[in-house]
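The sequence and the structure come first.

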Amino acid sequence: MPNYVVELYRPSPDVETLRRVADRLAAGTRTVIWFGTLVFAIAGALAASTLRSIQATDVAVIRPNVEVTGATEQVAMVRWAVERFEIAGLEPPVVEIAFHRGLSGCGGHLGFARQGKVDLCTTLVDPIARRALLHEMGHIWLDQNLSDPERERFLEVRGLHVWNDASDAWGLRGYEQGAEIMAWALGERILTPQIPDNEPTQLARGFELLTGSASPAYADASNGQAPSTHKGVVRVWRTAPGSV
């Protein structure tokens, strides 16, 4: 029988080199595709985060006359403040409310009110922030609802000389006392108003002078009793001109 010689096929070095190049190209293509996918995923996540941030600070309409720009928690706090006015039988003021991170948006103060606008320079939602919000909203309410004779009567009963004059100390201006009384009567009553004559009966009388209504009585959720104005004293208001 003839002898057959069977030789196994061995590719030439040139062919082997071409295959390796092709494999590397394929691997490189897969890397580019994976990297591109990763980049698009990161870009999508950043876009979604930015969108959520924008949505969180969109203007929210609490009532037809109340607009607020702020985060979700701050919008909820404004909704709470509006409800405090309504529970007391008062129409909330026509107001635009904006929250800021730095004090520059509030003239260096925690809050500032002027011409139907309220600025709050805090990212917190706590008793101080709620009191500040009611104080500044109180300024706007007084601007829109109090007549000149009612102002004069309030000044007379409270023993004050000016409504809002920078020549008088902050706590001796009728405008600031009125806002502090509004914040106390409508709020949680856990922080003492930073004005003279701040006993509960004196504050309730002041609220009646300003609004024509009796001071609302809120129950303390923790013990079922009416909160005392002397539960805590936190001094946050500064003696300075302006509606703060």
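Helices and strands here are DSSP runs, helices of at least four residues and strands of at least two, numbered from the N terminus.

## Overall architecture

The model is predicted. Its protein chain contains 6 helices and 5 strands. Along the sequence these elements follow the order α-β-β-α-β-β-β-α-α-α-α.

The protein chain has 244 residues, and 38% of them are buried. Among contacts with a separation of 6 or more, 58% join residues 24 or more positions apart.

## Helix 3 against helix 5

Two packed helices are described by the angle between their axes and the distance between the axes. Helix 3 spans residues 127-145 and helix 5 spans residues 174-186. Their axes lie 8 Å apart, at an angle of about 125°. Angles from 65 to 115 degrees count as roughly perpendicular and those over 145 as roughly antiparallel. The pair is therefore oblique. The crossing of helix 3 and helix 5 is right-handed.

Helix 3 contributes Arg131, Leu134, His135, Gly138, His139, Trp141, Leu142 and Asp143 to this contact. Helix 5 supplies Tyr175, Glu176, Gly178, Ala179, Glu180, Met182, Ala183 and Leu186. By class, the contact of helix 3 with helix 5 holds 8 nonpolar, 4 polar and 4 charged residues.

## The two sides of helix 4

Helix 4 runs over residues 148-158. Which of its residues are buried? They are Phe154, Leu155 and Arg158. Viewed down the axis of helix 4, these buried residues fall within an arc of 95°, so they line one face of the helix. An α-helix has 3.6 residues a turn, so residues three or four places apart point the same way.

The face turned away from the buried side of helix 4 carries Pro149, Glu152 and Glu156, which are exposed. The cover over the buried residues of helix 4 includes helix 5 and helix 6 (200-211). After helix 4 comes Gly159, with a positive phi near 70°.

## Helix 4 against helix 5

At what angle do helix 4 and helix 5 cross? The value is roughly 85°, and the axes come within 10 Å. That makes helix 4 roughly perpendicular to helix 5.

Phe154, Leu155 and Arg158 form the helix 4 side of the contact. These three are also the buried residues of helix 4. On helix 5, the partners are Gly174, Gln177, Gly178 and Ile181. The contact of helix 4 with helix 5 divides into 3 nonpolar, 3 polar and 1 charged. Gly178 of helix 5 is also listed in the contact with helix 3.

Most residues other than glycine have a negative phi, and most peptide bonds are trans. Arg189 is not a glycine, yet its phi is positive, about 60°. Arg189 sits in the loop between helix 5 and helix 6. Is Arg189 buried or exposed? Arg189 is buried, with a relative accessible area of 12%.

Asp197 also has a positive phi, near 55°, and is a residue other than glycine. Asp197 is found in the loop between helix 5 and helix 6. Its relative accessible area is 40%, so Asp197 is partly exposed.

Technical notes. Residues are numbered from 1 along each chain as its sequence is written. This is a predicted model: local features need pLDDT of at least 70, side-chain atom pairs count only at pLDDT 80 or more; totals for chains, interfaces and linings use all residues. Side-chain values use heavy atoms; hydrogens and water are left out. Axes are lines fitted to C-alpha atoms, for helices over the stretch in contact, and angles run from 0 to 180 degrees between N-to-C directions. Angles under 35 degrees count as roughly parallel, over 145 as roughly antiparallel, 65 to 115 as roughly perpendicular and the rest as oblique. A crossing is left-handed if the near helix is turned anticlockwise from the far one by less than a right angle, and right-handed if clockwise. Contact means heavy atoms within 4.5 Å. Ala, Val, Leu, Ile, Met, Phe, Trp, Tyr, Cys and Pro count as nonpolar, Asp, Glu, Lys and Arg as charged, and the others, Gly among them, as polar. Buried means under 20% relative accessible area, exposed over 50%, partly exposed in between (1.4 Å probe, protein chains only). The arc is that of the directions from the helix axis to the C-beta atoms.
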